[in-house]
Amino acid sequence: MKKRTWLAMILAAMLILAVGCGQGNDQAANESGFKVGMVTDTGGLNDESFNQTTWDGLERAKDELGADIKALESKQDSDYVPNLTKFAREGRNLTWAVGFKHEKAVPEVAQQFPDVQFGIVDSNLGGNIPANVTAVTFKEEEGSFLVGAAAGLTTKTNKVGFIGGINSELIEKFEAGFIAGVKAVNPKAEVISAYAGSFSDVTKGRTLSAGMYNQGADIIYHAAGGVGKGLFDEVKTREAGKFWAIGVDMDQSRLAPEHTLTSMVKKVDVAVFDITKSLKDKDLKSGEHHVFGLQDDAVGLAENTKNINPDVLTKVNEYKEKIISGDIVVPTKVADVK
Amino acid sequence: MNVVEMIGITKRFPGIVANDNINLAIKKGEIHALLGENGAGKSTLMNVLFGLYQPEEGEIRINEKKVMITGPTMANELGIGMVHQHFMLVQPFTVTENIILGDERSKGGILDIKQAEKEIQKLSDQYGLKVDPSAKISDISVGMQQRVEILKTLYRGAETLIFDEPTAVLTPQEIDELISIMKNLVKEGKTIIFITHKLKEIMRTCDRVTVIRRGKVIDTVDVAGNDENTLASLMVGRKVSFSIDKEDAETGETILDIQNLVMEKGNGVKVINGLNMEVKAGEIVGLAGVDGNGQSELIEAITGLQSIKSGHIKLNKQDIANQRPRKITESGVGHIPEDRQKRGLVLDFTVSENMVLQTYYQPPFTKGMSIQFNEIDQFAKRLIEEYDVRTPSIDTPIRALSGGNQQKAIIAREVDREPTLLIAAQPTRGLDVGAIEFIHRKLVEQRDNGKAVLLVSLELDEILKLSDRIAVIYEGVIVGWVDPQNATEEELGLLMAGSALEKEAN
Amino acid sequence: MQSLLARLNKYSGATTAIISILLGMVVGAIMMLAAGYNPVAAYNALFVSALFQPYDLGETIRTITPLILTGLAVAIAFRTGLFNIGVEGQFIVGQLVAFIVATQLGLPPVIQVIVAVIMGGLAGALWGLVPGFLKASRGVHEVIVSIMMNFIALYLSNYLIRTWLAKGADSTPKIADSPPLKVDVLSQIFGGSRIHLGIFIALLGVFVMYYLLYRTKLGYELRAVGYNPRASEYAGMSVKRNIILSMMISGSFAGLAGASEVLGTSGYLSIEAAFTGIGFDGIAVALLGGNTPLGVIFAASLFGVLNYGGGNMQFEADVPFEVIRVVVAAIILFVAANISTKIVGRFRKQKGVKKHG
């Protein structure tokens, strides 16, 4: 009995410890009648990634459109359906489902509530988009191409690294774009790739990046969520100006200000705000797939470019123009990289 | 003059009154026995005196001054020391280090071990304890460890020493030595309170005895002029018979036949080293020996709980060595294990469930896959009645029963199976006189029914009283066979200590 | 007074549980007040919504379903003195195998579901067999082996999904339009929620565990080995065999949990970055439920209500997720630590000694 109580107490204590520090979502007491909801994936609101940037987009909608906004965090995959349902039943004008993990839940709920609009970030639902759903994806390969070009021009060792989270179609777009970018500017350079098999294992991220740096890579780009934190932890221990990390999704330079070459930002907030606004303005055509790329200024280098050589930046910008104009088509599969 | 006086002490625990208005007066310079069955309240009373419990009512006077004893330290200051049944010694430390532990006298923050060692040597010589202050605890014998405990109390200035069941762990020779030490202590002006339930030791040692039964003082009497029988009936509350009436054994065929048995521990050390013995139908063979000479291993080998290296164990001419325990049980071996709580019972099971521990899978207790609790309950009801197991109900977890009743339950279960060989290991350890009497009768009854009984016990009394033949085990071999009719404890004690070889050489 | 105390004592299990929940809620309320949220609205959302609206009740039951089964899995292993921390992995393989059977074998619909459920349970049993066997034969601690088996299950599942079942995508196609264990009638009774037949599998599991433990000779052995392996050995039972069997039965409950989840709730598998946590919750459920079949139902219900109702707190009372987790943890901590027993015990003790002096 004693042993059992003891174990139980440890477990409960672990539960409490597992609770991260977070902040409450601002409550908008808006009376505009335009209500927008958002359901996170299991990453939660403060994931330093698309959940967080989607919320930024909604906050902008609150400020500029007077929308009433609210978010629900999902603890497990099985929470997506009830969370989406709650917003739909409440009569939200639009509910955003963040992340491709929602791709099964969104059509299911959308069918039940045909009069309510839904948006999904990072998935095109395999092409079958119900009439009341708007799918939003990004050309991550284009942004990744640009940071690849920056890396290819900056590397001294002609060796750069890529760390992915879990091997999937989405993450492969980052990898393919990055490799294409590196090769485009520096055909001699070699790209080492590795997948962590996780989006949260910080230690794994650190081990992988230490290995790559030790193999001679001097720049590593990650598309691995929380795993990326390990990359920044590792690069900070190495000589500044010689070893670099490239962040993803948002400007991650604050994690290692002297070691962050740049970040491939994915402006989910821009996309989410645009779609939300067009719904408010009643000119949204739902049931469609919207792709945001360089030309929408929805992907690209972080604004903060202090660590990039100006010549490199100029070169990178030239590539940016070529992609927008269609002269360069960036591959989305590693196999298609020439 | 009374050095210790306890007046009207009452101590309650949830559900029971452990001490009920107890009066006790100890005269200076006497050895005063505190006699009572297990659970009578002796230890509680002494823990009150030692400051470990606070009584609800009553007062304590030391040297005729009223005191409140709030803890052991305070008891020490008042000149009361306790020699615990379970030693509280740090094995890798030396005698001196153990003695000064908790009472380190330092000079300017530096421990003066040399000085302490000198003092301890002096105390040891004064009372004839023969302890080497610089020896490590792990290197000295149990009897010696006990003397270290005695020294510990003396070093702290004890005038009155409480001995809590001190002889339970000792060989007969060691007991003799302890008794002479106790007499030395009294000669030097100390006073001793001796907690025990062994009547013989009281008769040999004590001046007066206070008998406690169910939390109450029954009487305080002088030892001179009383005999064991009087004391026993005071303790139990009824007449107790000590001698067992038994006819001479009518032995039949050899039931258990062990030849050249060798057993090894994991590290290759031989714990049983070429042992031979046999037990016939209709006799009780007593296996005497100091604890740790291979008795446990031998029993576990016969019952299949440990595997053997070589040799034969034959039961009714069938070799059962290295068979599975269930096979051996089924071929007619009953086993009252030495550790009843760890081996013999599942304490969290009910009385009923424990009664079928080896037979639960057989009809009528199991039909197909499912257990028939009705059958089991009926069976258990019959057993607790026949064997006088006192339990609130058959659905009570057996944990809640007293040690004596737990043991009776085991005996009921083992005897009722009608085994041809019954092994009883320490069957009465820790039990009170009443239960012991019952168990002894049952063992003799089995013998008279023509079963072979192997009795393993550390209590020589018991061995001498019950056995038809006695085998003495020492370092894994039988060093001699003794006829209980002609043997003395001293003789047995010498054999047990390993002096058989010289004896046989004579 | 005397009789009241006696009665309190008699029902102390349930009473202390309720007192513990209330105490936990008080602490949670204090924390919410300190953080500036309305505890009344929050608790209203937590309990009332989760239990009194058909849709939410249905979803609550759906949340409870796998917790009962994983709770049983942990509980039965505990009964044999084993700590099966591998429930998570057994859950994952149960899910994986059930999905494969349901999608790859092309069996007729009803048979397909039945076979999938059974195979899911067997897969879990197999996953439990490994640590059980290693414990029995080599003495390797089951905790270590089963943790490793968790990782093997997770990455094996991810690998098979990526390379085979999902053909490169992040998640597999659905088994069918609607999960096979989902029954429209049931769903409609509960406002269109995703409640499914898994709850009946879980309740059947509770009955099986009860019957097995208390009515069969195997259960007698399992309990004996759990309470006292040395006495069991003395009684001629094979401790090793019971260890292996216990782990297999435990694993099969976990496997059934996985099968019921994939066949009833989601209908597809996806590549998972981390463990689902349902298996680990099972540990807490078992401990809270005192490792008894009935206790597991209650504990799973408490967890289910807190898990699902926690979402409602967020939705209706605007309490952020982090605060909800703290409140939920406080309630569980109080139940687990059983502090109310101490309080009740102290009360009795004071009564007992008040005559002192």
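Biologist: How many residues of chain A are in contact with chain C, and how many of chain C with chain A?

Modeller: Keep in mind that this is a predicted model. There are 47 residues of chain A in contact with 50 residues of chain C.

Biologist: And how much area do chain A and chain C bury between them?

Modeller: About 4100 Å², with 57% of it on carbon and sulfur atoms.

Biologist: How many salt bridges across that interface of chain A and chain C?

Modeller: The rule finds four salt bridges there. One of them joins the side chains of R89(A) and D56(C), at 3.5 Å from N to O. There are also 13 residue pairs in polar contact between chain A and chain C, counting pairs with both residues at pLDDT 80 or more.

Biologist: Which elements give two or more residues to the side of chain A that touches chain C?

Modeller: In chain A, those are α1 (2-18), β2 (68-72), α3 (80-90) and α4 (105-112). α1(A) gives the most to that side, with 10 residues.

Biologist: How do the residues on that side of chain A divide into nonpolar, polar and charged?

Modeller: On the side of chain A that touches chain C, 18 are nonpolar, 16 are polar and 13 are charged.

Biologist: OK, other chains now. Which chains have the most contacts between them?

Modeller: Chains A and C, among the two pairs of chains that touch. Chain A and chain B do not touch, and their nearest C-alpha atoms are 11 Å apart.

Biologist: So what about chain C and chain B: how many residues are in contact there?

Modeller: In that pair, 22 residues of chain C are in contact with 30 residues of chain B. Chain C and chain B bury about 2400 Å² between them, 57% of it on carbon and sulfur atoms.

Biologist: Which residues in chain C lose the most area to chain B?

Modeller: K217(C), Y220(C) and Y234(C), which together account for 35% of what the chain C side buries.

Biologist: And how many salt bridges does the rule find across the interface of chain C and chain B?

Modeller: Two. One is between the side chains of R343(B) and E233(C), at 2.8 Å from N to O. The polar contact count between chain C and chain B is 16 residue pairs, again with both residues at pLDDT 80 or more.

Biologist: Where on chain C does that side come from, by element?

Modeller: The elements of chain C giving two or more residues to the side that touches chain B are α9 (198-215), α10 (217-227) and α11 (229-234). α10(C) supplies the largest share, seven residues. By class, the side of chain C that touches chain B has 10 nonpolar, six polar and six charged residues.

Biologist: Switching to chain B on its own. How many helices and strands?

Modeller: Chain B has 18 helices and 24 strands. Its C-alpha trace spans about 75 × 55 × 50 Å along the principal axes.

Biologist: What radius of gyration does chain B have, next to a compact globule?

Modeller: Chain B has 25 Å; with 506 residues, a compact globule would have a radius of gyration near 23 Å, so the two agree. Buried residues make up 54% of the 506 residues in chain B.

Biologist: Back to salt bridges. How many over all chains?

Modeller: The search of the whole structure finds 58. One of them is between the side chains of E140(A) and K266(A), at 2.9 Å from N to O.

Biologist: Which parts of chain A does that pair tie together?

Modeller: E140(A) lies in helix α5 (residues 140-154) and K266(A) in strand β10 (residues 260-266), so the pair ties together parts of chain A that are 126 residues apart in sequence.

Biologist: Is E140(A) buried or exposed? And K266(A), buried or exposed?

Modeller: E140(A) is buried, with a relative accessible area of 0%. K266(A) counts as buried too, at 4% relative accessibility. Both belong to a network of salt bridges that links D122(A), E140(A), K173(A) and K266(A).

Biologist: And in chain B, what does E57(B) meet in a salt bridge?

Modeller: The side chain of R12(B), at 3.4 Å from N to O. E57(B) is in strand β4 (residues 57-62) and R12(B) in strand β1 (residues 2-13) of chain B, 45 residues apart. E57(B) is partly exposed at 35% relative accessible area, and R12(B) is partly exposed at 32%.

Terms used: Residues numbered from 1 in each chain as written. Chains lettered and ligands numbered in written order. Predicted model: local features only at pLDDT ≥ 70, side-chain atom pairs only at ≥ 80, totals over all residues. Heavy atoms only, no water. Contact = heavy atoms within 4.5 Å. Buried area = accessible area lost by both parts, 1.4 Å probe. Polar contact = N/O pair within 3.5 Å; in protein donor to acceptor, adjacent residues only side chain to side chain. Helix = DSSP H or I, 4+ residues; strand = E, 2+ residues; numbered from the N terminus. Nonpolar A, V, L, I, M, F, W, Y, C, P; charged D, E, K, R; others polar. Rg over C-alpha atoms; globule rule 2.2 N^0.38 Å. Buried < 20%, exposed > 50% of the residue type's maximum accessible area, 1.4 Å probe, protein only.
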